[in-house]
Amino acid sequence: MKQLKQTASSNLKRSVFALAFMAFTLIANAEGFTVDGITYEILSLEDWTVQVGYEGLPTKGDVEIPEKVEYKGLTFDVVAVSSLVGPDGSNPNLNSLKLPKSIKRFGRVGLWYGLRDYTIKKLIITDLEAWNNIEFCLPGGGTDGVYNPLFVSDEFYLNEQRIDTLTIPNTITEVKSGVFSYSKIKALIIPKSVSSIGSGAFHSSEHLKKLEIPSSLEYVGSGAFSGCDSLESVHFEDGCKLEKIDFIGGRRIKDFHIPQSAKSVFFSGSDSLRSISFPANIEEIEGFKNCPNLEIVESYIADPFPIDAFD
């Protein structure tokens, strides 16, 4: 019996050694590996994680990235997508790309100075809460491009349902920076569970027409709704706590009422705005010089100060 235990223990050690040797060989040779047409790069042997490698995706058709991938007896968690950009700045042209909820980081998908090509017809996610937690950046950070795949996508899906109205789950308390930038949503529902919206969270969501800000919001980052060119109405719920309003953008906004809580307001401009009213607590005003059709400015500011915000 003792000999059998020793033999079993010896076999287990050899198996573990063989698997470890195989994994280290993959890294040492910088090979990565390809499964079902997707090429992966090993990130960690401690966590057994991989990312979809640079130029690791097929260039056509329907692509589904799995949560886990097996290769020669080894199982890895797929936690990142390196990039959609090739060496010449080109992108694949996919009918659909489905991302698993295991993805924690997405690398560069386009260049700021490049043309916006719809290279993914349908971007499909499986979990909104997981999507909200993705970091859109290069491994060491970076500002030389665009990292959200919505930038190069024509349609946005949650499983089989196209997202026209985006309902933020009430399990989310913070909408992270940039997570829904460039989305094609037409309507947005923000629950009272949300207390914070990060910078650029909905930047260039160019089909969004109406914005309702719940009273639960305590912070909204700069540019959170900038570039929303179809936005016509911005409404703040009674009891709004926001003191700094510097996230509004959109040339079509005609209905914009500043909440009583506001102390600072920045408005990027609108061709449609006809009147604006400033509540008593305002201490800083910027950005109304790009409102060529503004006719009425009403002020309840308690302590007047020099204003250079209007033409």
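Modeller: The largest cavity is lined by Leu99, Pro100, Lys101, Ile103, Ile125, Thr126, Asp127, Ala130, Trp131 and Ile134. Please bear in mind that this is a predicted model.

Biologist: What makes this space a cavity, and how many does a search of the whole structure find?

Modeller: The term cavity applies because a 1.4 Å probe fits at its points but cannot get out. The search finds one cavity of 30 Å³ or more. The largest cavity holds about 60 Å³ of space.

Biologist: How do the residues of its lining divide into nonpolar, polar and charged?

Modeller: Seven are nonpolar, one is polar and two are charged. Lys and Arg, like Asp and Glu, count as charged, so Lys101 and Asp127 are the charged residues of this lining.

Biologist: What is the volume of the second largest pocket, and which residues lie nearest its centre?

Modeller: The volume of that pocket is about 250 Å³. Its lining has 18 residues, and Phe256, His257, Ile258, Pro259 and Ser277 lie nearest the centre. Two elements, strand E21 (255-256) and strand E23 (275-278), each give two or more residues to this lining. The largest share, four residues, comes from E23. By class, the lining comprises eight nonpolar, six polar and four charged residues.

Biologist: Which residues touch the most other members of the largest nonpolar core?

Modeller: They are Trp131, Ile197, Phe202, Phe225 and Phe256, in a core of 84 residues. Strand E6 (residues 74-81) supplies the largest share of this core, four residues. Trp131 also belongs to the lining of the largest cavity, while Phe256 is among the residues nearest the centre of the second largest pocket.

Biologist: Why is Glu155 called buried?

Modeller: Its relative accessible area is 12%, and buried means under 20%, so Glu155 qualifies. Glu155 is placed in strand E11 (residues 153-158).

Biologist: What makes the approach of Glu155 to Arg162 a polar contact?

Modeller: The two side chains make their contact at 3.4 Å. The limit for a pair of N or O atoms is 3.5 Å, so this distance falls within it.

Biologist: How do you know that strand E4 pairs with strand E7?

Modeller: Pairing requires at least two bridges, and five join E4 (residues 60-64) to E7 (residues 93-98), so the two strands pair. They run parallel, and Gly61 stands opposite Leu94 in E7. Four bridges join E7 to strand E9 (residues 120-125), so these strands also pair. E7 and E9 run parallel, with Ser96 opposite Lys122 in E9.

How values were computed
Residues numbered from 1 in each chain as written. Predicted model: local features only at pLDDT ≥ 70, side-chain atom pairs only at ≥ 80, totals over all residues. Heavy atoms only, no water. Core = buried A, V, L, I, M, F, W, Y, C linked by side-chain atoms within 4.5 Å. Buried < 20%, exposed > 50% of the residue type's maximum accessible area, 1.4 Å probe, protein only. 1 Å grid on protein atoms, 1.4 Å probe; cavity = no way out; pocket = protein on both sides within 12 Å on 5 of 7 lines; lining within 4 Å. Points joined across faces, edges and corners; volume = space filled by probe spheres on them. Polar contact = N/O pair within 3.5 Å; in protein donor to acceptor, adjacent residues only side chain to side chain.
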